[in-house]
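This report describes the structure shown below. It treats the overall fold, the nonpolar cores, the surface and the salt bridges in turn.

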Amino acid sequence: MVRTVWASDGLRGFYRGITPGVTGSLATGATYFGVIESTKTWLENANPNLSGHWSHFIAGAIGDTLGSFVYVPCEVMKQRMQVQGTQKSWASAAAKGSISQTHGTRMYGYYNGMLHAGCSIWRDHGLKGLYAGYWSTLARDVPFAGLMVTFYEAMKELTEYGKTKYLPNSDLDVSNSFEGLVLGGLAGGCSAYLTTPLDVIKTRLQVQGSTSRYNGWLDAITKTWTSEGVHGLFKGSVPRIIWYIPASAFTFMAVEFLRDHFNDKVDTDASELATLSIDARSEVEEAA
């Protein structure tokens, strides 16, 4: 696959769909990490009996669901831009009829960019086209987001337990950023592999174009299972894991880094404010 993409599209071929990809990731990341801490705290306060891992899973799932309203249309545009290749190869494939589900019927036109893709999908299919595979995307991303946060928090607890039990007197001090890098990568890789079947179904629904091969999520699962078996449901698992390990690692590293420095700044500001308040009070008392 790497050789084929390089031969036909060069380096640019590996970055097709990057604009909608980044846009969707920004929306998801902002809502995901923006609400996960507050949601987790609210869940634990509202339901004291709710175990820590369940609250992590639910908080991650809610955060991802909120981001899906922007993320899914971006994902549809990204997927279609990624599979189309160069304009020359697309025109050649269209002429041969190899991009049709039905002979003589093209899936969709060639997209020159994110705006062109969005307008074309809206014109041809309306809002439904932009949200193609919405429920299958949620079915993939909600478990993925919940599992990733749960795995990450569980591995953090396991790491702390290991340090306390096996290195009680050690001076080893591992920064939270480095811990986030390692544990975040492991959590993302495990979650990505377990949700690969859901990703396969989502992608097939989103790239099928005007002529529908699958009549919904359950139909896509049934046909994939019948024709390809378990292997078909886990197609693309290796590149998915290779993608999510560094992505999750750098994401959690950044989150831990910002969390540490932001909290330090808040504590410092609070301390300075308290000092100023005490000094002001002392001055008032002396004046009195």
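## Overall architecture

Of the 288 residues in the chain, 40% are buried. The model is predicted. The chain contains 10 helices and 0 strands, and its elements follow the pattern α-α-α-α-α-α-α-α-α-α along the sequence.

Where contacts join residues at least 6 apart in sequence, 78% of them connect residues at least 24 apart. The accessible surface of the chain comes to about 16800 Å², of which carbon and sulfur atoms supply 64%.

In soluble globular proteins, nonpolar side chains tend to be buried together. The largest nonpolar core in this model comprises 14 residues, and those with the most contacts inside it are Tyr-32, Ile-36, Phe-144, Met-148, Tyr-152 and Ala-187. Two or more residues of this core come from each of H2, helix H6 (134–166), helix H7 (176–194) and helix H10 (237–287). Helix H6 gives the most, with 6 residues. The core also draws on two domains, with at least three residues from domain 1 (1–96 + 105–132) and at least three from domain 2 (136–257).

Which residues does Met-148 touch, leaving aside its neighbours within four places in sequence? Met-148 is in contact with Tyr-32, Ala-187, Gly-188, Ser-191, Ser-248 and Phe-252.

## A nonpolar patch on the surface

Val-2, Trp-6, Leu-11, Phe-14, Tyr-15, Ile-18, Val-22 and Leu-26 form a nonpolar patch on the surface, and together they have about 860 Å² of accessible area. Helix H1 (2–9) and helix H2 (18–46) each supply at least two residues of the patch. Helix H2 gives the most, with 3 residues.

Ile-18 is one of the patch residues and lies in helix H2. Ile-18 counts as partly exposed because its relative accessible area is 43%, a value between the 20% limit for buried residues and the 50% limit for exposed ones.

Leu-194 is found in helix H7. With a relative accessible area of 49%, Leu-194 is partly exposed. Leaving aside neighbours within four places in sequence, Leu-194 is in contact with Leu-147 and Phe-151. The C-alpha atoms of Leu-194 and Ser-237 are separated by 9.0 Å, while the two residues are 43 residues apart along the chain.

Phe-257 lies in helix H10 and is also partly exposed, at 40% relative accessibility. Along the chain, Phe-257 and Ser-177 are 80 residues apart, yet 5.2 Å separates their C-alpha atoms.

## Salt bridges

The count of salt bridges comes to 14. In one of them, the side chains of Glu-75 and Arg-140 meet at 3.9 Å, N to O. This pair links distant parts of the chain, with Glu-75 in helix H3 (residues 52–83) and Arg-140 in helix H6, 65 residues apart. Are Glu-75 and Arg-140 buried or exposed? Both residues are buried. Glu-75 and Arg-140 also belong to a network of salt bridges in which Lys-78, Asp-141, Asp-199, Lys-202 and Arg-240 are linked with them.

A salt bridge at 3.9 Å, N to O, joins the side chains of Lys-163 and Glu-179. This pair likewise links distant parts of the chain, with Lys-163 in helix H6 and Glu-179 in helix H7, 16 residues apart. Lys-163 is partly exposed, with a relative accessible area of 24%, whereas Glu-179 is buried, with a relative accessible area of 7%. Another salt bridge is formed by the side chains of Asp-124 and Arg-123, at 3.4 Å, N to O. Asp-124 is partly exposed at a relative accessible area of 45%, and Arg-123 is exposed at 61%.

Methods. Residues numbered from 1 in each chain as written. Predicted model: local features only at pLDDT ≥ 70, side-chain atom pairs only at ≥ 80, totals over all residues. Heavy atoms only, no water. Patch = residues over 30% accessible without salt bridge, like charges linked within 9 Å, V, L, I, M, F, W, Y side chains within 5 Å. Areas by Shrake-Rupley, 256 points an atom, 1.4 Å probe, with all protein chains shown as cover. Salt bridge = Lys/Arg side-chain N within 4 Å of Asp/Glu carboxyl O. Helix = DSSP H or I, 4+ residues; strand = E, 2+ residues; numbered from the N terminus. Buried < 20%, exposed > 50% of the residue type's maximum accessible area, 1.4 Å probe, protein only. Core = buried A, V, L, I, M, F, W, Y, C linked by side-chain atoms within 4.5 Å. Domains from an automatic or database assignment. Contact = heavy atoms within 4.5 Å.
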